[in-house]
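User: Please take a close look at the disulfides of this structure and explain them to someone new to it.

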Amino acid sequence: QVQLVESGGGLVQPGGSLRLSCAASGFTLAYYAIGWFRQAPGKEREGVVCISSSDGSTYYADFVKGRFTIARDNAKNTVYLQMNSLKPEDTAVYHCATALLPDECGMDYWGKGTLVTVSS
């Protein structure tokens with residue numbers, strides 16, 4: 001049974017940092033692309049970043065480039081999202097997701113999410 005569980009969200013001041021974790025079970029994360037998506041209150045869901053499995057290529061949304069970094073720990077079957085220089089507009093529920101494809105991200109399977117609130 002494919003399962004994704006996010007953690008690490010919380011309240012942080014503007015300019016601060018958080019590291020989100022996405023623990024996968026029921027499949028071997030190393031074989032598949034995985035991405036982070038977010039949804040802010042009253043807004044549409046948007047893609048944040050995707051990392052492929054074949055060569056580790058990463059694809060970041062423009063609004064997080066230079067601030068967020070995705071990384072895999074295949075031994076732990078976990079993906080991380082390091083978020084630096086956070087802005088109030090980064091406030092959202094963050095989900096990790098996979099389509100169980102090697103080089104394409106999708107939301108066929110996704111976790112319940114973790115809430116990130118950026119506020120002073």
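**The disulfides**

Two disulfides turn up in a search of the whole structure, a disulfide being a pair of cysteine sulfur atoms within 2.5 Å. The model is predicted: local features need pLDDT of at least 70, side-chain atom pairs count only at pLDDT 80 or more, and totals for chains, interfaces and linings use all residues. Residues are numbered from 1 along each chain as its sequence is written, and side-chain values use heavy atoms, with hydrogens and water left out.

Because C22 sits in strand β3 and C96 in strand β9 (residues 92-98), the pair ties together parts 74 residues apart in sequence. Strands here are DSSP runs (E, at least two residues), numbered from the N terminus. Both C22 and C96 are buried, where buried means under 20% relative accessible area, exposed over 50%, and partly exposed in between (1.4 Å probe, protein chains only).

C50 and C105 are joined by a disulfide as well, with S to S 2.0 Å. The link of C50 and C105 is right-handed, with 90° about the S-S bond. C50 belongs to strand β5 (residues 46-51) and C105 to the loop between β9 and β10 (109-110), so this pair ties together parts 55 residues apart in sequence. C50 counts as buried because its relative accessibility is 11%, while C105, at 22%, is partly exposed.

With bonded cysteines counted along the chain, the disulfides follow the pattern 1-3, 2-4.

Note on methods:
Helix = DSSP H or I, 4+ residues; strand = E, 2+ residues; numbered from the N terminus.
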